[in-house]
Amino acid sequence: MSIQLALDVNQISFSYGQTQALNQASLQVPEGGFVALLGANGAGKTTLFSIVTGLYSPQQGSVRVKGHALQTETLKALANMGVVFQRSTVDMDLSVLQNLRYAADLQGIPRKEAKLRIAEGIEQHELLGFEKRKIAALSGGQRRRVELARALLHRPALLLLDEPTVGLDLQSRSDFVAHVKSLCSDVGTGVLWATHLMDEVVSTDDVYILDKGQMIEHGTVNELVKKHEANDITGVFNALVGRSAK
Amino acid sequence: MTFSHAMLCLRGVVTREALRFVNQRGRFLSALVRPLVWLFIFAAGFRSVLGVSIIPPYETYVLYEEYIAPGLLGMILLFNGMQSSLSMVYDREMGSMRTLLVSPLPRWYLLLCKLLAGVSVAIVQAFVFMFIAWFWEVRPPLHGYFFLIPALLLAGLMLGALGLMLSSMIRQLENFAGVMNFVIFPMFFASSALYPLWRIRDSSEVLFWICTYNPFTYAVELIRFAIYGKFHVIAALVVSVCTLVFLAAAVIGYDPLRGFLSRKDGGGPPKK
């Protein structure tokens, strides 16, 4: 039986002038699967996200989201995707509710349905009581949860998170990771989680390692640790990339 | 793209712009104070120096305040268009622009929504200005206010589209000061906003031709005629064509294949 893919990135390349940011990089995220993309700062993770979200166009290769080619079926591909960018993209001057309503309108969710989904999202992401509060008045962890609630409003098949825990304290980070992983098992959302923080992946997670724009390794954490005879994924990463991981 | 999705998106973008506008009272005040200062101080001071003869659409001599009112409405639209463009550059730097651009709607439509949202806010500002100006003896006929709406909309779309086009070319917020110096002020002063073109021709033939080729002149004339219930065909045509050209350039600018995002200097990875 073939695995249904939420995301299929096939041999994409991208360069900024003479600087090659991605070189024939490929990865797959199965539906309901959690895939971690590990890479040091500057490895090409954000460029890959910009391509997968249609902000940049790849110079080579292709991207399919739930079977829809991003280049030719752009709107269908985007409709199946929720994104939490590295930098906060919620509107600081607006309240939680106003931000979520705005996102629902952009996704074309009818008003009644949007009301229900927003209420559900607020409850699911522990934002009850904060609905009318401006984003600027929320903590970093709460803002990230608003972003996550917003990214999931239209119930996408694929959730992309680009270093979503940057700036969060340890407890908020681990809560956030656990919450996102529960989405894979409970809702069946495919998740691509880009990070340079090795403690965010566990032994059974499927991992891709990106370095200087190339996918240099792929497998579960257990498989990679065994293959490289390392103590943990940090050891694997250090051995492959040749620099210290956090 | 379905019709209902398109309408929901338009509602969302306009509501967001309106909420931001309401939250940023300083922006509203400064947008209003700027033309009022020109009306109260500049126009009062120059009333006796600058005589305006009878030129269309006027049927009699008018006060200088009345002459520059359409130019000041144009100023509101021009600054609002640039403000909108500034906020696009800011949104892009801060990241909130990404929310809009990854929505499952055609990019041209998303930009059009953004444009309409900005113009809606500018029209409200323009009418508040006209209300205050009424107490300053700027009293066009009542039906003029009705005709003013489409004229403001069209002129606002052109200037907003110009702002969008510029925002697609400006990579960083700090470069925006250049736009003020090289676009807004020359556009405003080299137009018929403050003085009739025949008067400019008396002083400088070159400046006259610059003013004649300035699209802002046509935006001002469109508004000037509309206030008196008249239609300036050439102005409407020029403004419409310029709107389409600027909007097309903005759409290309925001296209990941062809625009600034694909270029080396403009397409670097987002700042961290």
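Start by selecting helix α1 (residues 45-52) of chain A. It lies across β1, β2 and β4 (60-65) of chain A and runs at about 115 degrees to β1(A). Axes are lines fitted to C-alpha atoms, for helices over the stretch in contact (heavy atoms within 4.5 Å); angles run from 0 to 180 degrees between N-to-C directions. Helices (H or I, at least four residues) and strands (E, at least two) are DSSP runs, numbered from the N terminus.

This is a predicted model: local features need pLDDT of at least 70, side-chain atom pairs count only at pLDDT 80 or more, and totals for chains, interfaces and linings use all residues. Residues are numbered from 1 along each chain as its sequence is written.

Next, select the sheet of chain A. Its 4 strands form an open, antiparallel sheet in the order β2-β1-β4-β5. Strands pair if DSSP finds at least two bridges between them. At the edges are β2 (19-30) and β5 (68-69), each pairing on one side only. Zoom in on β1 (residues 5-16) and β2(A), which share 8 antiparallel bridges. Pick Val9(A): its bridge partner in β2(A) is Leu27(A).

Now show both chains. The contact takes 33 residues from chain A and 35 residues from chain B. Together the chains bury about 3300 Å² (accessible area lost on being put together, 1.4 Å probe, summed over both), 58% of it on carbon and sulfur atoms.

Finish with Asp105(A) and Arg11(B). They form a salt bridge (Lys or Arg side-chain nitrogen within 4 Å of an Asp or Glu carboxyl oxygen), with the closest N and O atoms 2.6 Å apart. Then select α1(B), which gives 10 residues, the largest share of chain B's side of the contact.

Key
Chains are lettered from A and ligands numbered from 1 in the order in which they are written. Side-chain values use heavy atoms; hydrogens and water are left out. Buried area is the accessible area (1.4 Å probe) that two parts lose on being put together, summed over both.
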